[in-house]
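Hi everyone, thanks for coming. Please have a look at the picture first.

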Amino acid sequence: MIEKLFTRIANYVAHLAGLPPTFAVCFLIIVVWAASGPVFGFSDTWQLVINTGTTIVTFLMVFLIQNTQNRDSAAIQTKLDELIRVSKAKNTFIGIEHLTESEVEEIRAKCERAAKRHDEQVADMAAAKAVAKKRNAKKHTTA
């Protein structure tokens, strides 16, 4: 119950935080605060208001945004895992996000080397086809 409520609130706040009107309202608050400086004599209390407000908002937003990003990341990983599972890809890639950074880097390097070998093979086959085609064209023109 609490988890669902928190998820709904986190999604809603994260959505609102990313809207242009939200930025405009925050900008307006800063402008009004700055403009009120002379009225309050640029006092310590005047500065404390904005410092406290921004600190509280930042503190809470960090947790809400992190929660949203964690769920989005988990959903993307789950979708990718399902695509791997139902395709001809290697199932050993499922769950690699739980490995250490160096282990993931090692797998990435192996994948890059395999992709490079594949590209070289494709290029070699294309070159061989082009040479064969040129030979066939020469045979037909000389015959």
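Before we start, one term: a helix here is a DSSP run of H or I that is at least four residues long, and helices are numbered from the N terminus. Please also keep in mind that this is a predicted model.

So, what does the chain contain? There are four helices and zero strands. Reading along the sequence, you get the pattern α-α-α-α.

Now the overall form. For 143 residues, a compact globule would have a radius of gyration near 15 Å, whereas this chain has 29 Å. Along the principal axes, the C-alpha trace spans about 100 × 40 × 30 Å.

How much of the chain counts as buried? The figure is 8% of the 143 residues. The accessible surface comes to about 12200 Å², and carbon and sulfur atoms account for 68% of that.

What about contacts? Take those between residues at least 6 apart in sequence: 35% of them join residues at least 24 apart.

A quick word on charge. The chain has 18 positive and 14 negative side chains, and the centres of these two sets lie 16 Å apart.

Let's move on to the rings. A pair of aromatic rings is described by the distance of the centres and the angle of the planes. In this chain the count comes to four aromatic pairs.

Why is the pair of Trp 33 and Trp 46 called stacked? Their ring centres are 4.1 Å apart and their planes are at 5°, and planes under 30 degrees apart count as stacked. Trp 33 lies in helix 2, residues 20-35, and Trp 46 in helix 3, residues 44-86, so the pair ties together parts that are 13 residues apart in sequence.

Are these two buried or exposed? Trp 33 is partly exposed, with a relative accessible area of 22%, while Trp 46 is buried, at 9%. The cut-off for buried is under 20%.

Another pair is Phe 59 with Phe 63, and this one is edge-to-face: 5.1 Å centre to centre, with 75° between the planes. Both residues lie in helix 3, four residues apart, which is about one turn of the helix. Phe 59 is exposed, with a relative accessible area of 53%.

Finally, which residues do ring pairs link into a cluster? They are Trp 33, Phe 42 and Trp 46.

Conventions. Residues numbered from 1 in each chain as written. Predicted model: local features only at pLDDT ≥ 70, side-chain atom pairs only at ≥ 80, totals over all residues. Heavy atoms only, no water. Helix = DSSP H or I, 4+ residues; strand = E, 2+ residues; numbered from the N terminus. Rg over C-alpha atoms; globule rule 2.2 N^0.38 Å. Buried < 20%, exposed > 50% of the residue type's maximum accessible area, 1.4 Å probe, protein only. Contact = heavy atoms within 4.5 Å. Areas by Shrake-Rupley, 256 points an atom, 1.4 Å probe, with all protein chains shown as cover. Lys, Arg positive; Asp, Glu negative; His and termini not counted. Charge placed at Lys NZ, Arg CZ, Asp CG, Glu CD. Phe/Tyr/Trp six-rings, centres within 6.5 Å; stacked < 30°, edge-to-face > 60°.
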